[in-house]
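This report describes the strands of a barrel and how they pair. The sequence and the structure come first.

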Amino acid sequence: MTTDLFTPLSLGTLSLPNRIVMAPMTRARTTQPGDIPNQMMAQYYAQRASAGLIISEATQVSRQGKGYSFTPGIFTPEQVEGWKKVTDHVHQANGRIYCQLWHVGRMSHESFHDDGMPVAPSALSPDAQVWIVDPQTNVGQMIDCPLPRALEETEIKDIVADFALGARNAMDAGFDGVEIHGANGYLIDQFLRKSSNQRTDAYGGSQENRIRFLVEVCSAVAAEIGADRTGIRLSPYITQRNMADDEIIETMLKAAFELQRIGISYIHLSEADWEDAPTIPEQFRHDLRDVYSGTIIVAGKYTKERGEQLLKDGLADLIAYGRPFIANPDLPYRFANKLALSTLDPDTLFGGSGKGYVDYPSLQR
């Protein structure tokens, strides 16, 4: 049987009606103060419930893990109650939703930290910016990240516990599972790369030590909620944010071997989506299949046709779409009926009202 985007798939305890995933996308629409998910967010996600699986926007597991204004958390009772609104609406619309658990590490801003310093494996600059809202004007803009401080080993253990608690809170909030954010230059990714991790203890140096934090987080989350409800996002070929590393592919494959041992339900590859971005070599996809037998999700600049070709070749099981889902809440319907796709308004990506968020039209009746 030929596999296409509309072939059902079992993912852990879930039965997915199609292979179209809504990728995690930061939209910064929480209620303040407290970074609390709200009714508008519930409407937004429910509108897109025809996806085989929704992966929520990145959600910080602690106050320390925050890096952008107005992003949601899942570490306070108010945040958990807010997320319940979201999951209830998605399930009422016959959808399925995972919560993406996040700690940004050095990709942060001084205003979120009592000492003005984000944390990281080592005190190295990310040479990057985060989206910060000015409290006086309520207008957001991209701001340079400050120099972080290096984490103490006891603090690393605390962050592992924060991820496990975040997973438990996600289950209490009604999510169907969690995705651990280990990609795009955030904390787990920072530990994986020698370019951002110059530690000489058990969490740095050799590749085995650099994957230790990822393994501990995934093991803790799997022990808390079950490996069959646990996925992870990785970005082996992304080099922005001072993350270039000539050993990262070998390191990622070592990590994938450990993820196979833990038994997590999927690996989600975050592929660069800008015009001149590096492409993932087919050999890496085969190498990953050799060491990891679970479900593989890919996300990048995929069209319907390119996604289906990867499914046909057996090199992915699910295709995630990000920006197309913003402007097309009925994306699976449009794919199935060969309908034109609407274009998103880039000025409304981060923060604001329902404009450019819940007002995109659906053609599905």
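In which sense do strand S12 and strand S13 pair, and over how many bridges? Strand S12 (residues 266–270) pairs with strand S13 (residues 295–299) in the parallel sense, over 5 bridges. Strands pair here if DSSP finds at least two bridges between them. Strands (E, at least two residues) and helices (H or I, at least four) are DSSP runs, numbered from the N terminus.

The model is predicted: local features need pLDDT of at least 70, side-chain atom pairs count only at pLDDT 80 or more, and totals for chains, interfaces and linings use all residues. Residues are numbered from 1 along each chain as its sequence is written, and side-chain values use heavy atoms, with hydrogens and water left out.

**The barrel**

With parallel pairing, 8 strands form a closed barrel in the order S3-S4-S5-S10-S11-S12-S13-S14. From one strand to the next, the twist averages 25°; axes are lines fitted to C-alpha atoms, and angles run from 0 to 180 degrees between N-to-C directions.

**Pairing around S14**

| Strands | Sense | Bridges | A bridge pair |
|---|---|---|---|
| S13 and S14 | parallel | 3 bridges | Val298 and Ile319 |

S13, helix H9 (residues 304–312) and S14 make a right-handed β-α-β unit: with the strands pointing away from the viewer, the path from the first strand over the helix to the second runs clockwise.

Strand S14 (residues 318–321) is covered on both faces. Leu318 and Ala320 on one side are buried, as are Ile319 and Tyr321 on the other. Buried means under 20% relative accessible area, exposed over 50% and partly exposed in between (1.4 Å probe, protein chains only).
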